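Here is a short briefing for a first look. Keep the sequence and the structure side by side as you read.

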There are 2 protein chains.
Amino acid sequence: MYAPSVDNLIAQLARLPGVGRRTAQRLAFHLLKASEADANALADAIREVKERIRPCSRCFNLAEEELCEICADARRDGSLICVVEDPSDVIALERTHEYRGLYHVLGGALSPIDGVDPEHLRIAELLQRVEGDEVAEVLLATNPTMTGEATAAYLADRLRGRCRVTRLASGLPVGGDLEYADEVTLGRALAGRREM
Amino acid sequence: MYAPSVDNLIAQLARLPGVGRRTAQRLAFHLLKASEADANALADAIREVKERIRPCSRCFNLAEEELCEICADARRDGSLICVVEDPSDVIALERTHEYRGLYHVLGGALSPIDGVDPEHLRIAELLQRVEGDEVAEVLLATNPTMTGEATAAYLADRLRGRCRVTRLASGLPVGGDLEYADEVTLGRALAGRREM
């Protein structure tokens with residue numbers, strides 16, 4: 001019913017999360033109506049992000065250089081490492097403007113049932129950072145979900161005796177996702193972090 | 001807070017209709033996680049559609065060739081032209097599988113207040129088609145909105161005496177509930193009541 005290139009665009013858009021076929025059609029028609037420059041700006045932005053973005057060699061956050069902007073910032077407190085599951089969690093924490101330490105992005109949470117074991121996450125790299133650097137505290141900020149809690153418990157075990165280990169305070173709605181927490185709640189959780 | 005290329009991608013995604021900043025972030029992180037091939041497939045689909053798609057030289061529907069697939073289809077009834085505002089309306093009508101005539105895409109509806117006058121729409125081209133071809137009927141299928149109705153009234157005037165001019169029926173949507181129908185729709189349904 002559509003020209004082949006329109007059909008293909010709709011199919012590609014419909015692969016995005018939360019985008020059904022109707023929404024994909026609406027987006028496609030928007031792009032068809034948009035100027036060529038505007039539409040291509042989106043295409044270029046996608047290509048560029050895939051070309052430029054790579055994991056930070058120290059914390060595995062998104063980076064355009066060898067180190068991400070946070071690791072490269074000399075004003076950040078290198079004695080404090082906040083461990084998160086995904087790069088989007090870094091953004092959520094940065095939005096509070098209450099955290100001045102560094103991060104460590106695990107790349108997910110432990111979930112043996114899904115085949116995610118310690119060796120699939122950046123856990124060895126975290127332990128190495130704690131070993132090597134003068135790290136005083138590791139703040140476990142995995143999601144307050146079953147897998148996130150299990151990951152925090154596992155890491156607390158592995159880190160015990162090497163440095164202070166803390167966990168984001170409860171106050172986060174249990175079963176929720178850190179990425180979607182509002183800034184105030186997340187700020188409170190930061191301020192009230194407890195020993196594990 | 002984000003790497004510049006990620007920031008740019010989020011900004012570009014947020015320009016899509018119905019996509020707020022949070023959704024744009026979610027889509028951006030999805031694309032960051034996706035394989036390079038998958039992400040670039042979307043980028044390429046956007047570029048390709050802008051390169052390939054042009055208006056059909058006869059009806060101004062979306063086309064990859066000189067004529068759109070409908071105009072190029074010899075089995076369609078050339079004596080019947082359905083006038084719509086946008087290419088997406090063609091798709092909506094095709095989905096019914098009940099229409100076998102051709103189309104004419106105006107490119108919008110008359111709206112003097114927004115500076116859309118007859119010369120900004122493909123009205124001259126419609127009149128020329130009715131003049132030249134053996135057109136027996138023009139079905140006005142502009143939207144049942146103020147601007148769509150005004151456009152239909154204007155076209156009916158211009159076409160009077162040249163061919164049969166019809167309008168899509170207004171009434172209650174099938175599957176809808178009378179209790180929730182707005183007054184205008186219900187009024188139309190009353191006025192257009194038919195024998196059973």
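This is a predicted model: local features need pLDDT of at least 70, side-chain atom pairs count only at pLDDT 80 or more; totals for chains, interfaces and linings use all residues.

Chain B and chain A bury about 5,100 Å² between them. The contact involves 50 residues of chain B and 53 residues of chain A.

**The interface**
- Carbon and sulfur atoms account for 64% of the area buried between chain B and chain A.
- Five salt bridges are counted between chain B and chain A.
- In one salt bridge, the side chain of Arg15(A) meets that of Asp38(B), at 3.2 Å from N to O.
- Polar contacts link 16 residue pairs across the interface of chain B and chain A, with both residues at pLDDT 80 or more.

**The side of chain B that touches chain A**
- Four helices of chain B, α1 (4–14), α2 (21–33), α3 (36–52) and α4 (87–94), each supply at least two residues of this side.
- The largest share, 15 residues, comes from α3(B).
- By class, this side of chain B has 25 nonpolar, nine polar and 16 charged residues.

**Helix α1 of chain A**
- Helix α1 of chain A spans residues 4–13.
- Its buried residues are Ser5(A), Val6(A), Leu9(A), Ile10(A), Gln12(A) and Leu13(A).
- Seen down the axis of α1(A), these buried residues fall within an arc of 165°, so they line one face of the helix.
- An α-helix has 3.6 residues a turn, so residues three or four places apart point the same way.
- Within chain A, the buried residues of α1(A) pack against α2 (21–33).
- In chain B, the buried residues of α1(A) pack against α3 and β2 (62–63).

Terms used. Residues are numbered from 1 along each chain as its sequence is written. Chains are lettered from A and ligands numbered from 1 in the order in which they are written. Side-chain values use heavy atoms; hydrogens and water are left out. Contact means heavy atoms within 4.5 Å. Buried area is the accessible area (1.4 Å probe) that two parts lose on being put together, summed over both. A salt bridge is a side-chain nitrogen of Lys or Arg within 4 Å of a carboxyl oxygen of Asp or Glu. A polar contact is a pair of N or O atoms within 3.5 Å; within protein, one must be able to donate a hydrogen and the other to accept it, and residues adjacent in sequence count only if both atoms are side-chain atoms. Ala, Val, Leu, Ile, Met, Phe, Trp, Tyr, Cys and Pro count as nonpolar, Asp, Glu, Lys and Arg as charged, and the others, Gly among them, as polar. Buried means under 20% relative accessible area, exposed over 50%, partly exposed in between (1.4 Å probe, protein chains only). The arc is that of the directions from the helix axis to the C-beta atoms.
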